[in-house]
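Welcome, and please get your viewer ready. We will take a few selections in turn and look at what sits in each.

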Amino acid sequence: PRNVARGPAGALTVAGLDVRDLAAEYGTPAYVLDEDDLRERCREFRAAFPDADVYYAGKAFLCRAVVRMIAEEGLFLDVCTGGELATALSAGMPPERMGFHGNNKSVAELTRAVDAGVGRIIVDSFTEIDRLSELARERGVRPKVLVRVTVGVEAHTHEFIATAHEDQKFGFSLAGGAAAAAAFKILDEDVLELRGLHSHIGSQIFDASGFEVSARRVLALQSQIRDARGVELPELDLGGGFGIAYTTQDDPASPHELAKRLRKIVDGECAAENLAVPHLSVEPGRAIVGPAVFTLYGVGTVKDVDGLRTYVSVDGGMSDNIRTALYDASYSATMANRTSSAQPMLARVVGKHCESGDIVVKDEFLPADVQPGDLVAVPGTGAYCRSMASNYNHVPRPPVVAVRDGRARLIVRRETEDDLLALDVG
Ligand code: LLP
């Protein structure tokens, strides 16, 4: 996070608070959110896309306090389940500022979204179009929809999080004609209002050319629809997926650069096709919340394994950050409670779970005198860590502490063993 520094005693501070005090107050592990950092990132996206709507992708991390922060910063919100929708509504997010995603929204979820007056529903299958049309007819409403288009771009990211190549579950294929068929079907169903097209090519993407190709392809469909039906769709959503730096090797484009390149493509294609320029929206999740958080862990054991490697075990692991195990993601780590003049030593930061793949940081240089009782901070854990956390091995999930202007407040409390037991019946 941006407001992290080393205090006079060598301990990390965030927004003026010493991490040792945070650890004493809230325990470890804990996710620490630099609130001003998150808010600045919201503002940067808004400034980069001044005439577009910025939807924060709630799947990256959602709780009521964060919903309020992004709403205060003028962002919209993308939700993709009934649970995310309920969280947003309970935080007072205006429903018309939300988009509802998902490849398998249930009838109950769609009903809730329609009844709440969610601003737009991004439809993902013919089944969903039928379900939604039926609901709209029953209720005498006309929901606004976007069609999720699979543009066939090979995004250069981990295959589990790439979403625009043809062979996958999301969206309507552009090449196969399903996307055009979906748009025509909605235009024929008078009960749905087709507002535009949507594409999302994947996540943690560094190469902006993927977004450019995708924008070109959806705009080609846009003009095909205009030519066939005489309708110019007023909106276009280019999705999220903007990469962030997890280690010093990563070099992501700024929101500003991305926006400039996307604008150029959209304006150019529209001029060439003689299309009115649609109102744009984007859906960053990771780029807003990812860098604003670090996880603070306590070191429990340090084990040198036959001179091969040193394992530094912390008090969390794959239950609070599954990304290393699942995507082979790279993170960094730093000793947080003090500095040391000891030699740097190549270490592997591992968790406390009962499997050997329980790795938080694959390789990191830590001072050779790292010892039980030290604190270790792992930055960049705001996105897809708490939101993908589990209770594996019956480990209670860590709290989220927001810090700002020298003050800390708990925004998600730590789970307790009672929370875990509360679900057992009998
Ligand atoms: N819009 C749509 C339709 C999405 O499916 C996603 C992410 C986003 C926006 C936001 O993408 P972002 O800007 O956060 O990259 N669990 C994986 C990431 C899965 C992303 C799913 N969809 C990970 O930990 O890397």
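**Where the domains touch**

Start with the domain boundary: 22 residues of domain 1 are in contact with 20 residues of domain 2, contact being C-beta atoms, placed from the backbone, within 7 Å. This is a predicted model, in which local features need pLDDT of at least 70 and side-chain atom pairs count only at pLDDT 80 or more, while totals for chains, interfaces and linings use all residues. Residues are numbered from 1 along each chain as its sequence is written.

To colour the domains, select 4-33 + 290-421 for domain 1 and 35-288 for domain 2; these bounds come from an automatic or database domain assignment. Their C-alpha centres lie 33 Å apart.

Next, pick strand 20 (400-404) and strand 21 (407-412), the elements that give two or more residues to the side of domain 1 that touches domain 2. Strands are DSSP runs of E, at least two residues, and helices are runs of H or I, at least four, both numbered from the N terminus. Strand 20 gives the most to that side, with four residues.

**A residue in a loop**

Now move to Leu75, in the loop between helix 3 (64-72) and strand 6 (76-79). Is Leu75 buried or exposed? Leu75 is buried, because 22 other C-beta atoms lie within 10 Å; the cut-offs are 20 or more for buried, 12 or fewer for exposed, and partly exposed in between, with C-beta atoms placed from the backbone. Beyond its neighbours within four places in sequence, Leu75 has contacts including Cys42, Val54 and Ile70.

Methods
Two residues are in contact if their C-beta atoms, placed from the backbone, lie within 7 Å.
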